[in-house]
Amino acid sequence: MAQTLRIKRGDQVKIMSGRDKGTQGEVIRILPTKTKIVVQGVNIRKKHQRQVQSGGRTMNPGIIQFEAPIHISNVSLICPKCNQPTRIGVRRVDGKAQRYCKKCDAVIDS
Ligand SMILES: [Zn+2]
């Protein structure tokens, strides 16, 4: 569970397993459960949308592409300093949690 809180929106991550293995992207959403995230351009799904009426709006038919959530254990954070997938450590500095790269010791949070 500790790992789940270490990834934040806006982080660059690398996909470590599954269909998009090796892909790199930005975290655009973290699901409320914090065990799944949505990464830009990763795990693209297509949904066929029929024309529907909802609340007075008409949604046009077509194919909608969207990024499906992936489990957080399948990604690794990319350190902005050494530019490699890394493990993140957390330490307390002045009473605040601070994330750091276990490879180069760079502070990841601003
Ligand atoms: Zn680093």
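Predicted model: local features only at pLDDT ≥ 70, side-chain atom pairs only at ≥ 80, totals over all residues.
**Figure 1. Six strands form an open sheet in the order S8-S3-S2-S1-S9-S10, with antiparallel pairing.** At the edges of the sheet lie strand S8 (70-71) and S10, each of which pairs on one side only. Two strands are said to pair if DSSP finds at least two bridges between them. Strands themselves are DSSP runs (E, at least two residues), helices are runs of H or I with at least four residues, and both are numbered from the N terminus. Residues are numbered from 1 along each chain as its sequence is written, and side-chain values use heavy atoms, leaving out hydrogens and water.

**Figure 2. The whole chain has twelve strands and zero helices.** Reading along the sequence gives the pattern β-β-β-β-β-β-β-β-β-β-β-β. The radius of gyration of the chain is 17 Å, well over the 13 Å that the globule rule gives for 110 residues, so the chain is more spread out than a compact globule. That radius is taken over C-alpha atoms, and the globule rule is 2.2 Å times the number of residues to the power 0.38. Along the principal axes, the C-alpha atoms fill a box of roughly 55 × 30 × 20 Å. Of the 110 residues in the chain, 31% are buried; buried means under 20% relative accessible area, exposed means over 50%, and partly exposed lies in between (1.4 Å probe, protein chains only). Among contacts between residues at least 6 apart in sequence, 37% join residues at least 24 apart, where contact means heavy atoms within 4.5 Å.

**Figure 3. A zinc ion is held by the SG atoms of Cys79, Cys82, Cys101 and Cys104.** Donors are N, O and S atoms within 2.8 Å of the metal (3.2 Å for Na, K and Ca), and water is not among the atoms, so sites may look incomplete. The four donor atoms subtend angles of 102 to 117° around the zinc ion, which makes the arrangement tetrahedral. Along the chain, the donors follow the spacing C-x2-C-x18-C-x2-C. Cys79 lies in the loop between S9 and S10 and Cys104 in the segment after strand S12 (96-101), so the pair ties together parts that are 25 residues apart in sequence. Cys79 is buried, at 0% relative accessibility, whereas Cys104 is partly exposed, at 29%.

**Figure 4. Arg6 reaches the backbone oxygen of Ile88 with its side chain.** Arg6 sits in the segment before strand S1 (12-15). The distance to the oxygen of Ile88 is 2.7 Å, and a polar contact is a pair of N or O atoms within 3.5 Å; within protein, one must be able to donate a hydrogen and the other to accept it, and residues adjacent in sequence count only if both atoms are side-chain atoms. Leaving aside neighbours within four places in sequence, Arg6 is in contact with Asp11, Ile88, Gly89, Val90 and Arg99.

**Figure 5. Lys102 is found in the segment after S12.** With a relative accessible area of 49%, Lys102 is partly exposed. Its C-alpha atom is separated by 6.0 Å from that of Gly89, 13 residues apart along the chain. Apart from neighbours within four places in sequence, Lys102 is in contact with Thr86, Arg87, Ile88 and Gly89.

Figure 6. Asn43 is buried, with 9% relative accessibility, while Asn83 is exposed, with a relative accessible area of 57%.

Terms used. Tetrahedral: all angles 85-135°; square planar, octahedral: opposite > 155°, others 65-115°.
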